[in-house]
Amino acid sequence: MTEEPDTAEGTDRGRADRVAVTGTPGTGKSTATALLEGEYDVIHLNDRIKGDDDLWTERDDDRDTLVADLDAVREDLGDWSGVLDSHLAHRFDVDRVVVLRCHPESIESRLEARGESAETAAENTESEALDVILSEAVAEHGAENVYEVDATDRDPEAVADAIRAAVEGEREPSAGTVDFIDYI
């Protein structure tokens, strides 16, 4: 594991209006963002998509998932502010992106425990080891707006604290600080 910067003394980038909390499925996004609901407007995007037939185009039977219509989701979100929670959140117009990371072995066990197939768990562990979502977030928003949080050995409250610090501008961007390539 690599070292991750926490709150940097003297850092004050100001509070962000729109923050994406993204990461591979199983990293703890929904659990951590649920703890922020009293402080910020939190949008659990996956639940919203599942609850509205107009926000997805087809069902991927191989993965047992819905294929989101990102344009329809953008329109549905409108002029939102707060925290957007989803493995797709980094694909939207945001001020900052918090990418939750978790060791691939932990992701595999978490996904299997919640009933995902071995194939889905394996696909997501490989994605995490290869930094897929981090790479997409940096390509879309620039390294200066991406904050990595290694959630592997942190409890949900500590992960929520790290997200809060990014939202409030109390920590430095940290893209590229977490590395799980040894898993491959």
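Which residues is Gly26 in contact with, leaving aside its neighbours within four places in sequence? The legends below, for a predicted model, begin with that residue.

**View 1. Gly26 and its contacts.** Gly26 is found in the loop between strand 1 and helix 1 (29-34). Leaving aside neighbours within four places in sequence, Gly26 is in contact with Ile107, Arg110, Leu111 and Arg114. The relative accessible area of Gly26 is 8%, so this residue counts as buried, the cut-off being under 20%.

**View 2. Positions annotated as a binding site.** An unreviewed UniProt entry places the feature "binding site" at Gly26, Gly28, Lys29, Ser30, Thr31 and Arg114. From this set, Gly26, Gly28, Lys29, Ser30, Thr31 and Arg114 are found in the lining of the largest pocket. Two residues named in the record, Gly26 and Arg114, also touch one another in the model.

**View 3. Lys29 in helix 1.** Lys29 is found in helix 1 and is one of the positions that UniProt lists under "binding site". With a relative accessible area of 8%, Lys29 is buried. The Lys29 side chain reaches the backbone oxygen of Thr24 at 3.1 Å. Setting aside residues within four places in sequence, the contacts of Lys29 are Val21, Thr22, Gly23, Thr24, Asp85, Ser86, His87 and Leu100.

**View 4. Thr22 in strand 1.** Thr22 is part of strand 1 (residues 18-23). The residue is buried because its relative accessible area is 0%, which is under the 20% cut-off. A polar atom of the Thr22 side chain lies 3.1 Å from the backbone oxygen of Ser86, and the side chain of Thr22 also reaches the backbone oxygen of His87 at 3.2 Å. Not counting residues up to four places away in sequence, Thr22 touches several residues, among them Lys29, Leu88, Ala89, His90, Val97, Val98, Val99, Leu100 and Ile133. Ser86, His87 and Leu100 are contacts of Thr22 and are listed for Lys29 too.

**View 5. The hairpin of strand 3 and strand 4.** Strand 3 (residues 56-60) and strand 4 (residues 65-68) run antiparallel and are joined by four bridges. Glu58 has Val67 in strand 4 as its bridge partner. Four residues lie between the two strands of this hairpin. In the turn, Asp64 has a positive phi of about 55°. In a regular strand, side chains alternate between the two faces of the sheet.

Key: Residues numbered from 1 in each chain as written. Predicted model: local features only at pLDDT ≥ 70, side-chain atom pairs only at ≥ 80, totals over all residues. Heavy atoms only, no water. Buried < 20%, exposed > 50% of the residue type's maximum accessible area, 1.4 Å probe, protein only. Polar contact = N/O pair within 3.5 Å; in protein donor to acceptor, adjacent residues only side chain to side chain. Contact = heavy atoms within 4.5 Å. Pairing = 2+ DSSP bridges. UniProt positions renumbered as here; feature names shortened; annotations may be inferred. 1 Å grid on protein atoms, 1.4 Å probe; cavity = no way out; pocket = protein on both sides within 12 Å on 5 of 7 lines; lining within 4 Å.
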